[in-house]
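The structure is shown below.

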Amino acid sequence: KPCPLCDEAKEGLEPYKRRFILQEVDITLPENSAWYNKYDIPVFHLNGKFLMKHRVDIQKFEDKLRKLELQSE
């Protein structure tokens, strides 16, 4: 609060919002202290696996998302 990098990241992911569910985690909440101690924000996981941090790497995101979509067909 505020998090300009988080806002920038969400903006970068906006075109893909129909292809995945974005779950935001507020790491400043006491119940999320494990995340707070582990990461600098923003951090992205896809299907429970670490994907990237700080900035959105669109190519990497597209590649991983496409692989997941192909697996589910």
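## A pair within helix H3

Arg66 and Asp63 are both located in helix H3, three residues apart, about one turn of the helix. Helices here are DSSP runs (H or I, at least four residues), numbered from the N terminus. The side chains of these two residues, Arg66 and Asp63, meet in a salt bridge at 3.6 Å, N to O; the term denotes a side-chain nitrogen of Lys or Arg within 4 Å of a carboxyl oxygen of Asp or Glu.

Arg66 counts as partly exposed because its relative accessibility is 39%, and Asp63 counts as partly exposed at 31%. On this scale, buried means under 20% relative accessible area, exposed over 50%, and partly exposed in between (1.4 Å probe, protein chains only).

## Basis of the model

The model is predicted: local features need pLDDT of at least 70, side-chain atom pairs count only at pLDDT 80 or more, and totals for chains, interfaces and linings use all residues. Residues are numbered from 1 along each chain as its sequence is written, and side-chain values use heavy atoms, with hydrogens and water left out.

## Further salt bridges

Across the whole structure, a search finds five salt bridges. One of them joins Glu24 and Lys10, with an N to O distance of 3.2 Å. This pair links distant parts of the chain, 14 residues apart: Glu24 is in the loop between helix H1 (4-13) and helix H2 (33-38), while Lys10 is in helix H1. Glu24 is exposed, with a relative accessible area of 56%, whereas Lys10 is partly exposed at 32%.

Another salt bridge is formed by Lys17 with Glu14, whose closest N and O atoms are 2.8 Å apart. Lys17 is partly exposed at 47% relative accessibility, and Glu14 is partly exposed at 41%.

## A positive surface patch

Lys49, Lys60, Lys64 and Lys67 form a positive surface patch. Patches consist of residues with over 30% relative accessible area and no salt bridge, like charges being joined within 9 Å. Lys and Arg count as positive, and the place of a Lys charge is taken as NZ. Accessible areas come from the Shrake-Rupley method with a 1.4 Å probe.

Helix H3 (residues 58-72) supplies the largest share of the positive patch, three residues. Lys60 lies in this helix, H3, and counts as partly exposed because its relative accessibility is 35%.

Notes: Patch = residues over 30% accessible without salt bridge, like charges linked within 9 Å, V, L, I, M, F, W, Y side chains within 5 Å. Helix = DSSP H or I, 4+ residues; strand = E, 2+ residues; numbered from the N terminus.
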